[in-house]
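Please look at the sequence and structure below before reading on.

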Amino acid sequence: MSLRTILSIGALLTLLFAAVDSLPKKYRKPKLPADPDAIVDTDFDYYVLAQVVPQVQCYKVNNLWKAENSSCSPCASSWARNDLDWTVHGLWPSNLYSDRFLGNCNRTARFDGEQLDAALRAQLEYHWTDLKRAAYRDDFWRHEWEKHGTCAMRVDALSGMRNYFQRTIELLKRFNVGHHLEKQGVMPGNHYDFDEFNDAIVKAYGARAKIKCAKSPTTGKQYVNEVHLCMDRSFEMIDCTGVLAGSCSKKKKLTYAKNANQCTNKTVINE
Ligand code: 5GP
């Protein structure tokens, strides 16, 4: 490499660092400390409330696609539930600069199952269902709290583990995608063009959301499995940014699945 090339690269890098340095602090990528016990002093701009279609998420996380055309579901939870009740995946403090969520902000704030009384557990089991069949007790909630809740806890409204779970369930009840889509005439058991589904979401919330699909490896069908709503720090809807339809193909219909009844011993599908 010639001296001239090296000097040009050097000048370019200096310009780049100067540009990043002049960004307002909130748009800069947070610096994570080397000490894993340190509290990450980083701010966030918005929340993602990620909701799932439980039936489809269950197929996906357990790879149970062979059940997709069956009248019963081998998923662990009881499917005696309203088809319109989507469940929580998580509430994720996120950062505009990286368009990503933050993670594991306070490694000393461990999950403590004792703080979840029976009433809250019952709510979590229905609204924040762990759809992984082989998961240990509280695994999903532990993961979500330690990865995302510890970043949310700096905000009064979400401080404390119990509060984080309680408040997120309240948000789910207020913004449940299934119920909002119903008001737009979009119902489980039907197939939609991506734009049609997307328009219904935009009308329902007055903001753009991220729509995610899970593709069946057996039939090639794509199922809506998650919607990510974006909210400002006062929990008002805002447009999500970045790639909004990443995992959905716009060329194929989206299937919005209906729940199936739980399989009994007699009808259980061979896995
Ligand atoms: P994140 O780490 O971004 O909060 O969530 C992604 C992770 O959650 C993935 O590893 C995915 O497998 C996992 N996941 C998604 N749904 C469930 C669930 O219902 N239960 C459990 N235990 N993990 C889940």
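Cys230 and Cys240 are both buried, and a disulfide joins the two, with an S to S distance of 2.1 Å. The model is a predicted one, and the disulfide count comes to three.

**Cys230 and Cys240**

- The link of Cys230 and Cys240 is right-handed, with 110° about the S-S bond.
- Because Cys230 belongs to strand β7 and Cys240 to the loop between β8 and β9, this pair ties together parts that are 10 residues apart in sequence.

**Cys213 and Cys248**

- The sulfur atoms of Cys213 and Cys248 lie 2.1 Å apart and form a disulfide.
- The torsion about the S-S bond of Cys213 and Cys248 is about 95°, so this disulfide is right-handed.
- Cys213 sits in strand β6 and Cys248 in the loop between β8 (237-238) and β9 (254-256), so parts that are 35 residues apart in sequence are tied together by the pair.
- Cys213 has 8% relative accessibility and therefore counts as buried, the cut-off for buried being under 20%.
- Cys248 is also buried, with a relative accessible area of 7%.

**Cys105 and Cys151**

- Cys105 is joined to Cys151 by a disulfide with an S to S distance of 2.0 Å.
- A torsion of about 90° about the S-S bond of Cys105 and Cys151 makes this disulfide right-handed.
- Since Cys105 lies in the loop between β4 and α3 (118-127) and Cys151 lies in helix α4, the pair ties together parts that are 46 residues apart in sequence.
- Cys105 and Cys151 are both buried.

**The largest pocket**

- The largest pocket holds about 370 Å³ of space.
- Its lining is made up of 22 residues, and those nearest the pocket centre are Val48, Trp92, Phe101, Lys210 and His228.
- Two or more lining residues come from each of β1 (46-52), β3 (87-95), β4 (100-101), α4 (139-152), β6 (210-215) and β7 (222-231).
- Helix α4 gives the largest share of the lining, four residues.
- By residue class, the lining of the largest pocket has eight nonpolar, seven polar and seven charged residues.

- Helix α4 holds Cys151 and gives the largest share of the pocket lining.
- Strand β6 holds Cys213 and strand β7 holds Cys230; β6 and β7 are among the elements that give two or more residues to the lining of the largest pocket.

Definitions and conventions:
Residues numbered from 1 in each chain as written. Predicted model: local features only at pLDDT ≥ 70, side-chain atom pairs only at ≥ 80, totals over all residues. Heavy atoms only, no water. 1 Å grid on protein atoms, 1.4 Å probe; cavity = no way out; pocket = protein on both sides within 12 Å on 5 of 7 lines; lining within 4 Å. Points joined across faces, edges and corners; volume = space filled by probe spheres on them. Nonpolar A, V, L, I, M, F, W, Y, C, P; charged D, E, K, R; others polar. Disulfide = S-S within 2.5 Å. Buried < 20%, exposed > 50% of the residue type's maximum accessible area, 1.4 Å probe, protein only.
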